[in-house]
Amino acid sequence: VSFAARVEPQGSVMLVAFEGELDMATEAPAREALAVAEATSPGVLVVDLRDLAFMDSTGLKLVLEAELRSRAGGWGFAVVRGDGMVRRLLRVTRLEDRFPVVDDPGQVPLTRLA
Amino acid sequence: VITRSRVRDPDALRRLARLPAGATAATLGDGRVAGRSPGTLRPCGSTTASRSRRTARPCRSASSAPLGSGEGVLLYTDGILDARVAGGRVLGEARLAAVVREHPGDAPARVIAPCATRSPATAATSASSRSARATVRSCPVPGNSRPVEPYLSLELPPDARAPSRARHAMAGLDGLLGPAYPDVALLVSELVTNGVRHADTAPEAPLRIAVRLADDRVRVEVSDQGEGFDHGPLPPDPTRAGGWGLRLVDEIADAWGVDRAQGTTVWFEIARAS
């Protein structure tokens, strides 16, 4: 299963970008990338899902767990959605209402969320 | 009846034809079991007009009819159809169907609400028919139709690579499924993931995946030899991150269910462009 995760500091934003297919086979490296980013105690953690060719509920769970940790840790959190399936997943589950979901990392609010 | 599986198909309600008052036979099912008793229940000692005489009915009559493959049993009372809604109108089958269509996810509550002013029994006696009946009817269940030969079937070891292997096996169906393909691939991934997670009772047994194509829909079955699991979708809980798999199935599939005849089979159906 092809998958890659990239952790990339961009000012106060810590970007975690996933690429390929995110399911139970690739859950571990995705989780590890999130842990690496969170260990820096970022201003805002941005999870970029645009380059995912596929994601199922395993990915949803990872994103939701990261969002819960952001609340506990006091950093901002946002998701960059892709087109197609990932966008549909976020809409069907109504997670768009739960945290900021943007089309481009430039749209992420750069302040810490309360 | 109109509870668990969402009745998105308005014809499902039309097939659920109402028995005329006093019907005695040939109305159970859609002709397959014609001639058998419709299983009409009447209160003990009630009487029914029969031609010019009034005859006492037994407390209840029992009848049996074999269910064919893909048939289900619908239970309903005319107390619902005869209930009066706002404006004094009798609800009736057409309005009931409209209510169900409008509220596919919460039909029972929405149906009951306009009927709540009168109990079903009261509503029935005030409507055209004289007695409330509990009617048993066999009919094709939407989403549980006659099985057709699998278009594609495969067996996979229940490991972490199984979901992607199942998805990639589906990739050849892309053209056949049209716009439904991404949803089918997602739900296959969800059910196979569940199968892998719950395969611990039989780690050597393969997961079996069958894809069946009908003109108007695709049906996918994922079977394992495990003991199964609680298969209700979890209610939304903002403090819990997991439990989304079956909720996605519930949100996206037109119908789904669990069959525990041999091991555990979870199936779903999605409409496809014909």
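Visitor: What is the mean pLDDT of chain B, and what share of its residues reach 70 or more?
Guide: This is a predicted model, in which local features need pLDDT of at least 70, side-chain atom pairs count only at pLDDT 80 or more, and totals for chains, interfaces and linings use all residues. pLDDT is the predictor's confidence in each residue, from 0 to 100. For chain B the mean is 63, and the share of residues reaching 70 or more is 39%.

Visitor: Over which residues of chain B is the pLDDT below 50, in the stretch with 126 contacts?
Guide: Contact means heavy atoms within 4.5 Å. Beyond near neighbours in sequence, the stretch has 126 contacts in the model. Where pLDDT is low, the predicted coordinates should not be read in detail. The stretch is residues 1-63 of chain B.

Visitor: How many contacts beyond four places in sequence does the model have for residues 104-109 of chain B?
Guide: Here too the pLDDT stays under 50. For residues 104-109 of chain B, the number of such contacts is five.

Visitor: What are the ipTM and pTM scores?
Guide: Both belong to the model. The pTM is 0.62, and the ipTM is 0.92.

Visitor: How are residues, chains and side chains handled here?
Guide: Residues are numbered from 1 along each chain as its sequence is written, chains are lettered from A and ligands numbered from 1 in the order in which they are written, and side-chain values use heavy atoms, with hydrogens and water left out.

Visitor: What pattern does chain A follow along its sequence?
Guide: Helices (H or I, at least four residues) and strands (E, at least two) are DSSP runs, numbered from the N terminus. Chain A has three helices and five strands. Read along the sequence, the pattern is β-β-α-β-α-β-α-β.

Visitor: Which are the edge strands of the open sheet in chain A?
Guide: Two strands pair if DSSP finds at least two bridges between them. The sheet has five strands in the order β1-β2-β3-β4-β5, with mixed pairing. An edge strand pairs on one side only. The edges in chain A are β1 (3-10) and β5 (101-102).

Visitor: Which residue stands opposite A:D48 in β4(A)?
Guide: Strand β3 (residues 44-55) of chain A runs parallel to strand β4 (residues 76-80) of chain A. Five bridges join the two. Opposite A:D48 stands A:V80.

Visitor: Is A:D23 buried or exposed?
Guide: A:D23 sits in the loop between β2 (13-22) and α1 (27-39) of chain A. Buried means under 20% relative accessible area, exposed over 50%, and partly exposed in between (1.4 Å probe, protein chains only). A:D23 has 0% relative accessibility, so it counts as buried.

Visitor: With which side chain of chain B does the side chain of A:D23 make a polar contact?
Guide: A polar contact is a pair of N or O atoms within 3.5 Å; within protein, one must be able to donate a hydrogen and the other to accept it, and residues adjacent in sequence count only if both atoms are side-chain atoms. A polar atom of the A:D23 side chain lies 2.9 Å from the backbone nitrogen of A:A25. A:D23 also touches residues of chain B, including B:P163 and B:S164. Its polar contact in chain B, at 2.9 Å, is with B:R167.

Visitor: What relative accessibility does B:D224 have?
Guide: B:D224 lies in strand β7 (residues 217-224) of chain B. Among its contacts are B:G195, B:L207 and B:Q262. B:D224 counts as buried, because its relative accessibility is 6%.
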